[in-house]
Amino acid sequence: MASSEENSALFPIFILTIIALPLVPYTILKLCRAASKKTKSIHCGCAVCSRSGKYRKSIFKRVSNVSTCSNFTLMLLWILMGVLVYYIKHISREIQVFEPFGILGLEPGASDSEIKKAYRRLSIQYHPDKNPDPDANKYFVEYISKAYQALTDPVSRENYEKFGHPDGRQGFQMGIALPQFLLNIDGASGGILLLWIVGVCILLPLVIAVVYLSRSSKYTGNYVMHQTLSAYYYFMKPSLAPSKVMDVFIKAAEYMEIPVRRQDGEPLQKLFMLVRSELNLDLKNIKQEQAKFWKQHPALVKTELLIQAHLTRETSALSPELQRDFKRVLELAPRLLEELMKMAVIPRSAQGHGWLRPAIGVVELSQCIIQAVPLSARKAAGGSAEGIAPFLQLPHFSEAIIKKIARKKVRSFQDLWDMTLQDRAELLTQVAGLSASEVQDVEMVLEMMPSITVEVTCETEGEEGIQEGDIVTVQAWVTLKRANGLIGALPHAPYYPFHKEENYWFLLADPNLNNAWFSQKVSFMDEAAAITVASKANEEAMEGLGANAKDTSNAIREAVEKVKSGSRLVMGKFQAPAEGNYNLSSYLLCDSWIGCDKKTSVKVKVLKRTRAGTRGGHTAEEGPIVEDGMEEEEEIEEEDYDDYESEYSEDEEDKQETSKKGPANGNARGKGAQSSSEGSGSDEE
């Protein structure tokens, strides 16, 4: 075993190695990612967004972007590595290898006379009789005398010249790279070593496990409390109107933890008077309704009033304490709304269907929160199913301006969207009274707004037509276009104080029965992930068709080019229902923009089961098979945007036909099922 001094000297080297192994590659990876980031701006550059300061590159924000927790830890580790390198370098100077010739100040191979002269010279300088300094005495005894003895003794000198050590060949030494006080197990040091082993090997992993389990038992993977999910699941109803989604949304456990202070009473009372018209109170019994509202849990009252203050843009009168609570409420809103959306489309029925109506209401609430538009502005008015809500998300627009342009027969947002650039500029300057710079801001936002097209097909892989119990594959290509050429971008949201990425929800649903058959979240920000999904899906599809490698490669290349041009592939499966014709609708709902949602019709024909086997638990009957008619694949013309109406009525049984919506136009096709005229046979699922 090596000496304890040598082991103690190796301990810093051991720690340096353990730190450097993960730190160096991680730092290189992070620098490469930072260098490869696109410098192209993906946020709105209008004057309203600039004044909000959300995207302003101030010194404070640049420092805050750098001083994240991971970067701070990275800097500390590099500083620690620098200290260790300096310490190791200093220790290496103190621990010197035994070199007799160097100690005596001679060149290797010096003669005996030169060795004796050097020894006499150093003796005069360091001998105890000549120099009373204790350090000189120690140096003379431990180094000069040993070096002289090693070079004057024939055996020692021969060993040194052959093996590099006066004592001859040295054996292999092993040691433990720990500090010397931990290796000395006598007395108190033994207890320290025991505590160190117990702390590092037992207590530290135990503490980490306890912290992780306690956090995982309270939060989901999306950092939402399990208690919130339970409340959302319980209060979610199939007939939940969009106007009632707010009542479920504010019941999150995160909002219940926001403190309610005694001094908040008077500001909340004033805020209540400002937003009272948005609280769905019965005006006939206004006193009873107000008393009922204030009897709710204080946290629910505070949260709803703060959200309504944001929707009505009445936040300037909030106190500093309420401002902090207000920002906390808005910061949590996107992830809570995402979980609320999942609770709406989670399979509830025996057929595995979710609910369409509350899902639409959740997305509409998300749009209003991001754009700071009142829910009452979504009421259908003036021939627009969306009301004036889409106009209010434009900069410099107000209800007075909307009334002015309505006199020129621009009653819906689609009318404004379809106008030419010159006509729109004349309308906004001459009729609305906007300045040239304000018109430029409006055009900038209109260029940021997405235009969506959707192509949907439903089919049974490897079979002709869709039969009862089949596993049907839904494939949808969602294409996004903007006038400014961007694909992934941050929405125009000057009143929302945090960065918010656009997200979309694809729903395949039966609007007549309020059933959501299939749902999936779609994002246009991560192009690499979308390329991976599209490539894998096309590769599996081509392999299922038995295509060769060349055809498979071409299909993958086409899918990659499609993704790079602004398309995203949505794929999923559902079990075919009973025989019949189903008039479904596909919805692409944006959680950030108002009026950019897309609805297309999808016709699905399910045939009576004729294929034998165990698919879906059905077995075809023996005997002659009746040949069914074949429905041709047809192109569905775009409707007069009879999409869905924003419902803000008290009637929960309302299932009326819905009206037009949205500026984003495009075509989608529903692929009808074809019948099978082949004989019975076995079919593996």
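**Ground rules.** I number residues from 1 along each chain as its sequence is written, and side-chain values use heavy atoms, with hydrogens and water left out. Since I am working with a predicted model, local features need pLDDT of at least 70 and side-chain atom pairs count only at pLDDT 80 or more, while totals for chains, interfaces and linings use all residues.

**Overview.** I started with secondary structure and found 25 helices and 9 strands in the protein chain. Helices (H or I, at least four residues) and strands (E, at least two) are DSSP runs, numbered from the N terminus. Next I looked up burial: 42% of the 685 residues count as buried. Here buried means under 20% relative accessible area, exposed over 50%, and partly exposed in between (1.4 Å probe, protein chains only). The accessible surface comes to about 37,900 Å², and 55% of that belongs to carbon and sulfur atoms; areas come from the Shrake-Rupley method with a 1.4 Å probe, and for residues only the protein chains shown count as cover. I also checked contacts (heavy atoms within 4.5 Å). Among those with a separation of 6 or more, 71% are between residues 24 or more positions apart.

**Salt bridges.** How many salt bridges does a search of the whole structure find? I got 17, taking a salt bridge as a side-chain nitrogen of Lys or Arg within 4 Å of a carboxyl oxygen of Asp or Glu. I then followed one network, which links Arg261, Asp264, Lys302 and Asp325. Arg261 pairs with Asp264, with 3.5 Å between the closest N and O atoms. Arg261 also meets Asp325 in a salt bridge, at 2.4 Å from N to O.

For another case, I turned to Lys270 and Glu266, whose closest N and O atoms are 3.8 Å apart in a salt bridge. Both sit in helix α14, 4 residues apart, about one turn of the helix. Lys270 is exposed at 55%, and Glu266 is exposed at 56%.

**Gln371.** Is Gln371 buried or exposed? I found it buried, at 2% relative accessibility. Gln371 is in helix α18 (residues 356-371). A polar atom of the Gln371 side chain lies 2.9 Å from the backbone oxygen of Ser592. Leaving out residues up to four places away in sequence, Gln371 touches several residues, including Arg313, His492, Tyr495 and Trp593.

**Surface patch.** Leu194, Val198, Ile202, Leu203, Leu206 and Val210 make a nonpolar surface patch of about 530 Å². Patches use residues with over 30% relative accessible area and no salt bridge; like charges are joined within 9 Å, and nonpolar side chains (Val, Leu, Ile, Met, Phe, Trp, Tyr) within 5 Å. Leu206 lies in helix α10 (residues 188-218).

**Strand β4.** Last, I looked at β4 (residues 471-481), where 8 of its 11 residues are buried. Strand β2 (residues 451-459) runs antiparallel to β4, joined by 9 bridges; two strands pair if DSSP finds at least two bridges between them. Lys481 is the bridge partner of Ser451. Strand β7 (residues 567-575) is also antiparallel to β4, with 9 bridges, and Val474 stands opposite Gly572 there.

How values were computed
Polar contact = N/O pair within 3.5 Å; in protein donor to acceptor, adjacent residues only side chain to side chain.
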